[in-house]
Amino acid sequence: MKRKGLTILCLMLVVTWLSGCATPETSKKVPYRMSPQGMVIWEDEFEFSPPPPDWKLLRVEAGENDVTFGFMRPDPGGFPSVTTFAYDEDPFGCTAASFEGREREFFKRFLFNAILQFQILERKKVRVVGGEGLAVIVEGKDPVKKEKVRAKVVFGKRGDRIVGFYITQWRPMEGSYDPSAFEVFDKFVASFKFLKKSFYETL
Amino acid sequence: MEGHQRNLYLYDRFNARVVGVSRDDVTTLKYWGNSLGVTFPLLSNITAFVGAYFDIQPEGKPIFGRRTVVIDKKGIIRYVRDGSPDFKDILLFLKKLNQEGGKP
C-alpha cells in the first residue's frame, strides 16, 4: 500500500467568501504580442486569431493563478445587448474531471446570479485544442426582467485539466441574436493553440 | 477549496494530504463540501483551539482567518501564507519538500 499522509497541508477557511473573490488586475505589462502572421501570442503561452477590432479585450479574471481573458462587444439594441467570450483555465471553479460532469457543474453555476430558466439547445462532442472536447449551446430566459441570453461553452483539455471557452450574448426578450458573433467565437476557438506545456504539466 | 480539489492528484504525487479546518459545524461543512464536490476532509473546530494554535483566530469574531499551512512529516511547520491560496506556489513548495525529503 502506498505510503500516504507524510506531509499534511492544513488550510484555514474563512467563512467570509469575499476573500476568495478575484482581485483587479494590476499588471502594467501588456500580456500579448502579435505574430507576423497576425496571430495573437498571449504571454508566450497561447496563440489565437484575434477578433475584429470592434471587440474590446477583457482580462476577466486573473485571480488564484489561472488565466482567464476574453473579448467584449456592445451590440446594437437596448439593454442588455452585449456579447462576451472568453478562454478560462479554471472554468467557473468547478472540480469535475469529466466533460459531462463539468458541464453539469458549469451550468449549475453559470450565470446563476441571473436566475435564468435554461434550456440546452445542442450538445455535441467536438475537437478542440488538438483533442476531444464537448460543446454545449444553451438559451436562458428571465421572464421577469424580460431578458434572454444565448450561450455556448466548449470544454477541452490542457494536460490533465479541463479548460473552457464560452460566449454569452445578452438581449432584451424581444431582441434577436447576432449569429456572426458566434462565428467570431468559433474562429477564436478553432485557432487556439497551446504554445507550451502548462505549469501543471511541468510539475 | 475547489482549487485544492483540482490539485489532489498533484498533492498525491508529492505525498501530501490536504485538510480544511473551519469553525463551522459538522452539518454545515458536510453540505458545503458536498455542494462543491470536495472529497478531502473538512474539519469542524467550533471551539476554535486550532485557530488559536495557528494564530488565525481574530479576537471577538466567530471565524478563522484564511491561512495555508504546510506541515512536514516531522510535524514541523514549513510554509505559512495568509489570504487566498497561491496554488502554484503551494505546488512548487510541496514538490521541493518532497524532493528534499527523499521519498517520504
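**Entry 1**

I started at Asp44(A), which is partly exposed at 41% relative accessibility. I used these classes: buried is under 20% relative accessible area, exposed is over 50%, and partly exposed lies in between (1.4 Å probe, protein chains only). The model is predicted, so I kept to its limits: local features need pLDDT of at least 70, side-chain atom pairs count only at pLDDT 80 or more, and totals for chains, interfaces and linings use all residues. Residues are numbered from 1 along each chain as its sequence is written, chains are lettered from A and ligands numbered from 1 in the order in which they are written, and side-chain values use heavy atoms, without hydrogens and water.

I looked for the partner of Asp44(A) and found Arg33(A), in a salt bridge of 2.7 Å, N to O. I count a salt bridge when a side-chain nitrogen of Lys or Arg is within 4 Å of a carboxyl oxygen of Asp or Glu. Arg33(A) sits in strand S2 and Asp44(A) in the loop between S3 and S4, 11 residues apart. Helices (H or I, at least four residues) and strands (E, at least two) are DSSP runs, numbered from the N terminus. Arg33(A) is partly exposed, at 46% relative accessible area.

**Entry 1: Glu45(A)**

I moved on to Glu45(A), in the loop between S3 and S4 of chain A. Glu45(A) is buried, with a relative accessible area of 15%. Its side chain meets that of Arg158(A) in a salt bridge, 3.0 Å from N to O. Arg158(A) belongs to strand S10 (residues 147-158), and the pair is 113 residues apart. I noted that both Glu45(A) and Arg158(A) are buried.

I then listed contacts, meaning heavy atoms within 4.5 Å. Neighbours within four places in sequence aside, Glu45(A) contacts Arg158(A), Lys193(A), Phe194(A), Leu195(A), Lys196(A) and Ser198(A).

**Entry 2: Leu195(A) and the sheet**

I found Leu195(A) in the loop between strand S12 (193-194) and helix H3 (199-202) of chain A. Leu195(A) is partly exposed, at 39% relative accessibility.

I traced an open sheet of 4 strands in chain A, ordered S2-S3-S4-S12, with antiparallel pairing. Strands pair if DSSP finds at least two bridges between them. S2 and S12 are the edge strands. S4(A) and S12(A) pair over 2 bridges. Glu47(A) has Lys193(A) in S12(A) as its bridge partner.

**Entry 3: Asp75(A) and Arg171(A)**

I counted 14 salt bridges over all chains. One joins Asp75(A) to Arg171(A), with the closest N and O atoms 2.8 Å apart. Asp75(A) lies in the loop between S6 and S7 and Arg171(A) in strand S11, so the pair ties together parts 96 residues apart in sequence. Both residues, Asp75(A) and Arg171(A), are buried. I also found a network of salt bridges linking Arg73(A), Asp75(A), Arg171(A) and Asp178(A).

Not counting residues up to four places away in sequence, Phe188(A) touches Phe48(A), Ser49(A), Phe69(A), Phe71(A), Phe85(A), Tyr87(A) and Phe165(A).
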